[in-house]
Amino acid sequence: MDFGFCLSPSSHVKMDSVDLTTFNRLKETNPDVNTCIACGSCTATCTAGNFTEMSFRRILLMLQRGKEEEAKKMIQRCMLCGKCTLVCPRVSTFVRFC
Amino acid sequence: MKENIIIIGGGAAGMEAATQLQKLGLTPVIIEKSNALGGHIAQWDKLFPAFHNAKDVVSKMFDNVKDIKTYLNTEVTDIQRNADGFHAVLSNGEAIDGKAVVLATGFDLFKAERKQEYGYGIYNNVITSLELEKFFRTRKDERINNPKKIGFVHCVGARDVKVGNTYCSKVCCTTALKQACEMKEVFPEAEVYTFYMDLRMFGPGYEDLYLKTQKDYDVKCIRGRVCEVSEDMDGRLVIKAEDTLFGKPLRMTLDLLVLMCSMEKNKSIDKIQRQLGIENNSDGFMQNRDMYLGMNDSKQEGVFVAGTCTAPKSLPDTIGEARSVAVEVFNYVNNK
Amino acid sequence: MIIEGKQKIWADYQKDIPDDHYFYVRSCIRQAFWPGSEVTFLDITRNKLGKDFYENPYHTTCGGIAYHSDTIPQETAMTIIARQFALMKESGYENYVCSCITSFGCYTETLETWHEYPELEAKIRQYLWDSCKKEFAKPKYLAHASDIIYKFRFEIAKQMKFPLVNVKTGKPLKVVEHIGCHYSKMFPSKGFGGAEYPHVLVGMIEAWGGEVVDYPERRHCCGFGFRQYFVQGNRGYSESNTYKKFESMEPYEPDLIITNCPGCPYFLDRWQYVIAEQTGKTYGKNGYGIPALTYEEVAGLVMGYDPWDLGLQMHQVAIEPLLEKMGIPYDPKKKYQGVNGKDLGQPQCPSCIKSV
Amino acid sequence: MHPIVSWFTIYLFTFMGEYRFKGHLVEELFKDYRIKEGMKACMNCGVCTAVCPAAEFYKYNPKNIINIVARKNEEDLEDLLKSDTIWYCGECMSCVTRCPRANAPGLVIMALRKLSMRSGLYMQSEKGRQQYVVVKDLCSNILNYGYCVYPRTFDYETHKEFGPVGKWINDNLDDIHARIGSNLDGDGPGGLRKIPKESLDQLKNIFDVTGATELMEQVLNDAHQEAVRENLSDEEYFMEVYTKNDWQKHLNH
């Protein structure tokens with residue numbers, strides 16, 4: 001029977017089932033990915049971020065919350081200018097991942 | 001006996017104040033309600049930010065006060081001002097006179113069960129930061145049974161209008177990170193999460209501790225206050241929070257949840273405090289004379305305050321105040 | 001689970017309500033969907049417990065559902081409420097009890113708001129006079145009808161014929177309690193047991209021999225959401241929230257859900273049917289659902305009322321497995337009969353969830 | 001001005017980017033007692049979003065609502081009032097229990113919704129336009145029968161989840177209520193009794209003096225104008241709004 005509505009999927013980040021494979025691989029080559037303090041400097045300075053939703057700190061977060069596809073999509077916006085690396089207070093060499 | 005300085009409270013502030021007063025040539029008397037000196041810090045295992053043994057610091061303090069007259073298991077039951085200073089009646093039936101009174105009465109730990117949604121005292125695997133510290137000392141707590149996932153909740157009983165404490169309890173952030181690292185040391189396979197609103201790393205080496213927590217210990221800090229804790233079929237804890245940096249609600253199952261309980265004013269001193277005419281500040285702690293130049297002075301002549309009786313403080317803060325109060329008392333007695 | 005921890009909270013959150021002489025106000029949803037519940041409540045309180053519960057025929061809806069669907073201003077809802085209070089005073093009562101949880105929330109919110117903003121109270125006083133020429137009054141005590149049953153739960157237990165026990169195994173039934181959100185979430189001190197571990201239904205379950213199930217989504221809303229149900233396009237919200245609760249309670253295999261809000265049992269009942277139709281999933285044993293009953297219905301069952309007098313045939317989820325577990329005799333032929341045995345036909349059987 | 005003319009003006013204004021309270025939205029919003037009560041200061045801890053049934057499914061975050069309102073910025077508030085966002089909340093008030101700053105996002109939402117309706121901005125969102133359905137159903141139930149929900153206007157055909165049992169109840173309404181002990185449409189006390197005319201008149205008076213009538217008529221008229229614009233009868237427009245379910249658009253993936 002068509003009721004005119006249906007069950008909606010939950011938007012909760014389900015930490016119990018998040019797949020961290022990619023993030024952990026990234027972490028092995030550069031432990032700096034763990035040290036983000038979400039200050040937003042990378043996003044504020046990002047050349048691509050002026051025109052798109054590109055935010056490096058968000059990419060790191062997406063990878064840690066099981067949104068790998070979204071992260072992959074966003075990372076394509078990176079123009080490899082390297083400004084994020086200059087401004088990061090935790091000296092993350094972001095541009096290397098992109 | 002007229003040169004006595006009555007120090008109420010034998011914790012870090014009381015002991016250190018007594019030590020310095022003695023060096024300045026006065027006669028401090030410590031009145032401690034419990035059966036040992038040391039206060040809260042004696043129950044602690046390691047100290048932030050560099051994991052020093054609390055015992056080392058405390059035992060030096062014990063050494064310093066070993067010649068100072070100390071009453072244990074004793075409370076002040078009544079205190080009156082007289083021409084020479086103060087007359088205090090003790091619970092053991094004795095009475096002492098003193099030129100000045102130092103209130104070093106410390107804090108009470110927030111009773112975690114008051115934050116009902118966290119289920120302390122209801123769900124087995126919810127413990128407090130103090131209980132975890134005891135575990136580090138004794139390695140005995142049946143609730144801590146090789147946990148695979150551990151969470152720390154910041155600001156329990158702090159920054160919370162609903163429990164009546166709007167203030168920040170200052171030391172819990174750093175303590176949480178310290179304890180998170182220690183848990184990783186004890187259980188290297190465990191995943192450790194902290195749920196914070198702001199990480200207030202206010203002292204020297206504290207920010208380094210934060211960096212180390214992330215980089216070396218792989219502790220995951222999630223920005224969001226834990227909203228609700230419940231228990232599943234297996235007795236594991238289900239928590240809800242918002243991952244506020246990600247902007248989405250988050251759910252997670254944990255084996256152990258540690259509540260970082262805030263400091264509250266030690267209320268067992270309320271009667272004596274009233275007798276001395278010391279008011280509370282807006283946070284419910286004792287009001288000092290001035291926030292900057294009268295931190296250890298009170299509005300009542302001859303009554304001084306030191307340590308966490310006026311606000312949440314770290315151990316170095318407390319020791320600093322204890323030394324400062326000694327100078328204040330010394331000047332007061334000499335100028336009288 | 002450490003029960004003493006909860007008991008301490010329950011002891012802290014006890015409110016003072018009188019045990020007699022109430023002005024009783026009905027619930028729109030309870031009357032429409034569970035009419036047997038109010039009939040039973042009044043029969044228990046008046047005839048079994050010998051109390052005075054007066055109903056004034058001039059009372060109306062409190063407007064709470066319209067208020068929370070944002071169709072009427074706050075002042076309108078408050079003036080309707082003031083009119084109800086005025087009727088109470090006119091009838092010579094000062095204890096007010098309502099059947100609806102949304103109402104209870106509105107009454108509490110209104111009284112608290114008036115207390116905090118006296119100028120608003122003055123405004124409503126004037127509105128009441130302008131519109132109804134009635135004298136403004138406030139109740140001395142405000143209670144929800146489930147508070148009354150809670151208060152008399154042990155007296156009811158004394159008259160109990162069928163405890164919440166499985167007669168075949170002798171074990172207590174596993175009962176999920178679901179509290180209406182507006183009972184105490186806004187004002188925790190106004191509910192028995194507070195907001196986090198309400199005792200109002202737990203107390204009934206324990207007094208009547210059942211075992212309480214505490215599951216992770218216990219505190220979650222049934223999903224009514226007012227406008228989220230009244231508009232068909234929004235009902236996915238409502239259904240999804242109920243689904244979330246059932247997924248969470250499923251491993252505990254509850255025998256029964258008891259509610260104190262009139263809306264929740266409707267949603268917890270009907271969404272089980274819709275979930276079954278849409279996904280094939282049922283939460284009871286052997287293709288049945290889990291009955292979601294009002295506290296009056298449960299009180300009636302344990303006291304030996306006939307299930308069809310209670311109106312349990314108005315639930316979509318079949319009640320028969322529960323009746324059999326409790327050893328309550330029933331006549332299947334009478335389930336769908338009207339007055340004097342009039343044949344009313346039978347509802348169709350749904351395809352995925354058993355209804356008989 | 002004749003009411004019809006004034007509604008039409010509001011409607012035209014909305015169409016041209018004009019609306020009531022333009023430039024005064026913030027001022028108007030902060031007159032609401034629910035803002036006074038529910039809006040303290042937010043520290044972005046997220047407990048409201050964590051427990052929120054709407055945030056679970058919709059693009060909705062109560063904490064963001066509080067932050068936008070706290071900014072007191074006309075443009076931001078206008079955007080909020082014409083969005084679907086404010087209509088996702090279910091008013092369960094679970095957020096109220098938990099907020100450590102004693103905010104009540106649920107009450108703030110109620111104030112926002114009222115202003116969205118009064119300003120006419122609600123007509124610019126799918127979920128906002130639904131107020132027509134809710135107002136029409138609930139207000140007429142109250143004014144005609146004295147109940148918010150009344151079984152004779154609760155129809156199986158538009159509530160299929162009422163189920164086969166619901167259909168059976170619908171088909172045998174008088175018999176079933178008589179069997180179970182309701183006093184359906186009867187005199188005197190009892191469940192579903194006929195509410196006396198005197199009481200209904202008083203409800204109407206209350207609606208008139210407290211602004212409910214004005215709000216109701218505005219909503220019915222906004223809907224009528226929109227129906228005219230879409231070349232639909234009021235009934236067709238009602239069903240369109242009632243059933244429209246662009247659900248994927250609202251989900252928080």
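**View 1. The lining of the second largest pocket in this predicted model.** H6(C) gives the most, with four residues. The pocket holds about 720 Å³ of space. By class, the lining has 10 nonpolar, five polar and 13 charged residues.

A pocket is an open set of points on a 1 Å grid over the protein atoms alone, where a 1.4 Å probe fits and protein lies on both sides within 12 Å along at least five of seven lines; lining residues have an atom within 4 Å of a point. The volume is the space filled by probe spheres set on the points, which are joined across faces, edges and corners. Helices are DSSP runs (H or I, at least four residues), numbered from the N terminus. Ala, Val, Leu, Ile, Met, Phe, Trp, Tyr, Cys and Pro count as nonpolar, Asp, Glu, Lys and Arg as charged, and the others, Gly among them, as polar.

**View 2. The interface of chain A and chain C.** Eight residues of chain A are in contact (heavy atoms within 4.5 Å) with 13 residues of chain C. The buried area (accessible area, 1.4 Å probe, lost on putting two parts together, summed over both) is about 910 Å², and carbon and sulfur atoms give 64% of it. A:Phe3, A:Phe5 and A:Leu7 supply 72% of the area that chain A buries here, more than any other three residues. The side of chain A that touches chain C has five nonpolar, three polar and no charged residues. Between these chains the count of salt bridges (a side-chain nitrogen of Lys or Arg within 4 Å of a carboxyl oxygen of Asp or Glu) is zero.

**View 3. The interface of chain C and chain D.** Here 92 residues of chain C are in contact with 88 residues of chain D. The two chains bury about 7,600 Å² between them, with 60% of it on carbon and sulfur atoms. C:Asp70, C:Arg227 and C:Tyr237 supply 9% of the area that chain C buries against chain D, more than any other three residues.

**View 4. A salt bridge between C:Arg235 and D:Glu161.** The side chains of these two residues meet at 3.2 Å, N to O. Eight salt bridges are counted between chain C and chain D. The side of chain C that touches chain D has 38 nonpolar, 33 polar and 21 charged residues.

**Notes.** Residues are numbered from 1 along each chain as its sequence is written, and chains are lettered from A and ligands numbered from 1 in the order in which they are written. In this predicted model local features need pLDDT of at least 70, side-chain atom pairs count only at pLDDT 80 or more, and totals for chains, interfaces and linings use all residues, while side-chain values use heavy atoms, with hydrogens and water left out.

Conventions: Helix = DSSP H or I, 4+ residues; strand = E, 2+ residues; numbered from the N terminus.
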